[in-house]
Amino acid sequence: MQIEINEKIIDCLKKRVDSSDEFESVEAYVNSIMEQVVERLNNEFKEENITPEEQVYSKEDEEKIKEKLKDLGYLD
Amino acid sequence: MVDESKKRFNVIAVVLDGVRFDRIKLLPNFRKLCNKGTLFSNMITYAPYTIASLHSIFTGAYGSENGVDNYYGSLSYKQKEFKTITEYLKEQDYFTFGDLINEVVTPRQGFSKLVLQGEDYDFCGEHKKMLNEAKSVNKDNKSFFLFLHYSPVHNSLVKNVIKQFTDFDKKYFENKEGNLKKYDSYIKKADKYLESIYNEIKKLNLFENSLIVFFSDHGSSIGEKIGERVYGSFCYDHTIKIFALFISPKGFPVKNVNKVTRGIDIMPTILDIFGIDGEFSNKINGKSLMPLISDEEKEGRIAFSETGGLFGPYPSPKKPNVKAIRTQNWKLIYNLTPNTKELYNLVDDPFEINNLAGKGFQEEKKLWGILKSKSQIDLIPPRI
């Protein structure tokens, strides 16, 4: 699959690649960005669709914490 | 394994909540105490707010490992995978007790007895009573671990800053001199408290058979950086720099160790001097401070800190949005939102004003590598 990228964006990424040792090529940089965007999207999806079993603490617990944070003066 | 010669030492841990080292070091009672033990004057906290800081100090582990890496984090504390200093000492048959400002602030695991501080709590009076109770337990040849939380500085900051100003209030940020004056007045009271506690410990003859640790959990802003009126939003030195002063008849000479150390090093130091092998010691990120006292360890350590304000930006408040790596002379800060880096040469620029990121310094690459290894950086690399 080929994807066309706007030349202005390519120039911008090329500058970054040239000025740093972090990426060997524009392609590597684009891949890295896309991997992280996809991971972030997946994480956001997971957060939105979290099941009660997966939740570390319940909504009630969260409310209790909010009350404690209010007591500490951090929340109104 | 317990070292028999040391196991009967009591531990008195006193946290001075929100006390900046650069201010308390100017005051007489603190200075007097510094002449009695080993001061770690360049200590860095994992988090510039009490909840995550105390959990990291009690477990010797970063919040990114023990689960408490945000203001809501105490419910996510991985208590089956980590053990607190209180639990370790309780296993050694110590009587473990202390007081808490609030149930979510300090890990409660391992405490035999806890007192919850209420309104109008008389810190000097109550803490003296607790010292006396400790002494009576000690008379029966039982060692104790006493944790005292001095929180009036926090309370004053809430009343006079948090409730009065926003994080962007011009009136506050343009009045640094006035803010400092007020802050110093709170610190003076903390210094008086130290005198009072010190005298009580002396009166009770507890110096001879106790290890006493005075430390702070985070610093505070007096308006240095717009966007943070007190602490918890950023990772600049005025909030992440803390101290620890160890006083004991054995092992802690009068000395100031100025090399970088971490709050997470306090707990493994106590385990080390008591010869306690931690069941979960592989989970401890900190290291004993003893090799720094003997100069066996020559270099300062590398400290990792992170934070996330209660009002964001993303992914805070549920996850940290600012991460930092601090060495003896340099600091790299990574702001996940808005995706920027800051690099400071702390020798030339101790107030972190001149951002050197992107200017070709080797340290940036080196510290960025360390930061990525300490914490998952899952956002797009910083903009050009």
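Modeller: The residue to start from is B:Asp295, which sits in the loop of chain B between α12 (290–293) and β10. The model is a predicted one. B:Asp295 has a positive phi, near 65°, and is not a glycine. Most residues other than glycine have a negative phi. B:Asp295 has 10 C-beta neighbours inside 10 Å; the cut-off for exposed is 12 or fewer, so B:Asp295 counts as exposed.

Chain B is split into domain 1, covering 10–293, and domain 2, covering 303–374. The centres of the two domains of chain B, taken over C-alpha atoms, are 24 Å apart. Across their boundary, 23 residues of domain 1 of chain B are in contact with 21 residues of domain 2 of chain B. On the domain 1 side, the contacting residues are 13 nonpolar, five polar and five charged.

The bond from B:Tyr314 to B:Pro315 is a cis peptide, with omega near 0°. B:Pro317 is in the loop between β10 and β11 of chain B as well, and the bond joining B:Ser316 to B:Pro317 is cis, with an omega of about 10°. Most peptide bonds are trans.

Going back along chain B, another positive phi is found at B:Asn205, where the value is about 55° although the residue is not a glycine. B:Asn205 belongs to the loop between α9 and β6 (210–216) of chain B. With 11 other C-beta atoms within 10 Å, B:Asn205 is exposed. This residue comes just after α9(B).

That helix, α9(B), has 28 residues, and 40 Å lie between its first and last C-alpha, close to the 40 Å expected at 1.5 Å a residue. Its buried residues include B:Asn179, B:Tyr183 and B:Ile187. Further along α9(B), B:Ala190, B:Asp191, B:Tyr193, B:Leu194, B:Ile197, B:Tyr198 and B:Ile201 are buried too.

Helix α6 of chain B has 17 residues, 123–139, which should span 24 Å at 1.5 Å a residue; its end C-alpha atoms are 24 Å apart, in agreement with that. The residues buried in α6(B) are B:Phe123, B:His127, B:Met130, B:Ala134 and B:Asn138. Viewed down the axis of α6(B), these buried residues fall within an arc of 85°, so they line one face of the helix. Exposed residues B:Gly125, B:Ser136 and B:Lys139 are carried on the face of α6(B) turned away from the buried side. Just after α6(B), B:Asn141 takes a positive phi of about 65°.

Now chain B as a whole. It contains 13 helices and 13 strands. Its radius of gyration is 20 Å, close to the 21 Å that the globule rule gives for 384 residues, so chain B is as compact as a globular protein of that length. Along its principal axes, the C-alpha trace of chain B spans about 65 × 45 × 40 Å. Of the 384 residues in chain B, 50% are buried. Among contacts in chain B with a separation of 6 or more, 67% are between residues 24 or more positions apart.

The last piece is the partner chain. Contacts between the chains involve 22 residues of chain A and 17 residues of chain B. On the side of chain A that touches chain B, α1 (7–19), α2 (26–48) and α3 (59–71) of chain A each give two or more residues. The most come from α3(A), which gives six. By class, that side of chain A has 10 nonpolar, two polar and 10 charged residues. One residue of helix α1 of chain A is A:Ser19. A:Ser19 is exposed, with 11 other C-beta atoms within 10 Å. A:Asn42 is 23 residues from A:Ser19 along the chain, and their C-alpha atoms are separated by 31 Å.

Note on methods:
Residues are numbered from 1 along each chain as its sequence is written. Chains are lettered from A and ligands numbered from 1 in the order in which they are written. This is a predicted model: local features need pLDDT of at least 70, side-chain atom pairs count only at pLDDT 80 or more; totals for chains, interfaces and linings use all residues. Two residues are in contact if their C-beta atoms, placed from the backbone, lie within 7 Å. Helices (H or I, at least four residues) and strands (E, at least two) are DSSP runs, numbered from the N terminus. Ala, Val, Leu, Ile, Met, Phe, Trp, Tyr, Cys and Pro count as nonpolar, Asp, Glu, Lys and Arg as charged, and the others, Gly among them, as polar. The expected span of a helix is 1.5 Å times one less than its number of residues. A residue is buried if 20 or more other C-beta atoms lie within 10 Å of its own, exposed if 12 or fewer, and partly exposed in between; C-beta atoms are placed from the backbone. The arc is that of the directions from the helix axis to the C-beta atoms. Domain bounds come from an automatic or database domain assignment. The radius of gyration is taken over C-alpha atoms; the globule rule is 2.2 Å times the number of residues to the power 0.38.
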